[in-house]
Amino acid sequence: MNYTRTMILTVPVELIDTANKLAKAFDPDSAGEHTFQMPTSEDSSVVPTTVSASTPITEQLYEVAPYMLADAEALHASTLLDYETRWPELVPPTLEEVQAFCDAVTVELI
């Protein structure tokens, strides 16, 4: 695969688990569930409200990402298919979780 583009996703910290479940489905290897991590700071009084992840993507994903992220049902269906194919032992995100993610995510495509 030729990764010529970059996608940056930002979500509220309370959606890290859902974001990682979705990243698992779109990561071509096996580490997608670690894509979004709670940021750390030396100043413990600073509590982040969002978390971002950047990933290289193919031109094909670059073209369909805005539509998939705008349509929770399509994103959920695609995620279910991937989990059934590659990760049948894992529990995929629910449609409600995917909808919350789609409602809150900020996307930057480069």
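The model is predicted, so local features need pLDDT of at least 70 and side-chain atom pairs count only at pLDDT 80 or more, while totals for chains, interfaces and linings use all residues. Residues are numbered from 1 along each chain as its sequence is written, and side-chain values use heavy atoms, with hydrogens and water left out.

- Leaving aside its neighbours within four places in sequence, Phe36 is in contact (heavy atoms within 4.5 Å) with Leu9, Val11, Ile16, Ala19, Asn20, Ala23, Val51, Ser52 and Ala53.

**Packing of α1 against α4**

- The axes of helix α1 (residues 16–26) and helix α4 (residues 95–104) come within 10 Å and cross at roughly 100 degrees, the axes being lines fitted to C-alpha atoms over the stretch in contact, with angles running from 0 to 180 degrees between N-to-C directions.
- The two helices, α1 and α4, are therefore roughly perpendicular to each other, a term that covers angles of 65 to 115 degrees.
- From α1, Thr18, Ala19, Lys21 and Leu22 meet Glu97, Val98 and Phe101 of α4.
- The residues of this contact of α1 with α4 comprise four nonpolar, one polar and two charged.

**His76 in α3**

- His76, found in helix α3 (residues 72–86), is buried with a relative accessible area of 14%, where buried means under 20%, exposed over 50% and partly exposed in between, for a 1.4 Å probe and protein chains only.
- A polar atom of the His76 side chain lies 3.1 Å from the backbone oxygen of Pro93, and a polar atom of that side chain lies 3.3 Å from the backbone nitrogen of Leu95.
- Beyond its neighbours within four places in sequence, His76 is in contact with Pro93, Thr94, Leu95 and Val98.

**Glu108 in β3**

- Glu108 lies in strand β3 (residues 106–109) and is partly exposed, with a relative accessible area of 43%.
- Thr6, Met7 and Ile8 are in contact with Glu108 when its neighbours within four places in sequence are left aside.
- Glu108 and Thr10 are 98 residues apart in sequence and 8.6 Å apart in space, C-alpha to C-alpha.

Terms used
Helices (H or I, at least four residues) and strands (E, at least two) are DSSP runs, numbered from the N terminus. Angles under 35 degrees count as roughly parallel, over 145 as roughly antiparallel, 65 to 115 as roughly perpendicular and the rest as oblique. Ala, Val, Leu, Ile, Met, Phe, Trp, Tyr, Cys and Pro count as nonpolar, Asp, Glu, Lys and Arg as charged, and the others, Gly among them, as polar. A polar contact is a pair of N or O atoms within 3.5 Å; within protein, one must be able to donate a hydrogen and the other to accept it, and residues adjacent in sequence count only if both atoms are side-chain atoms.
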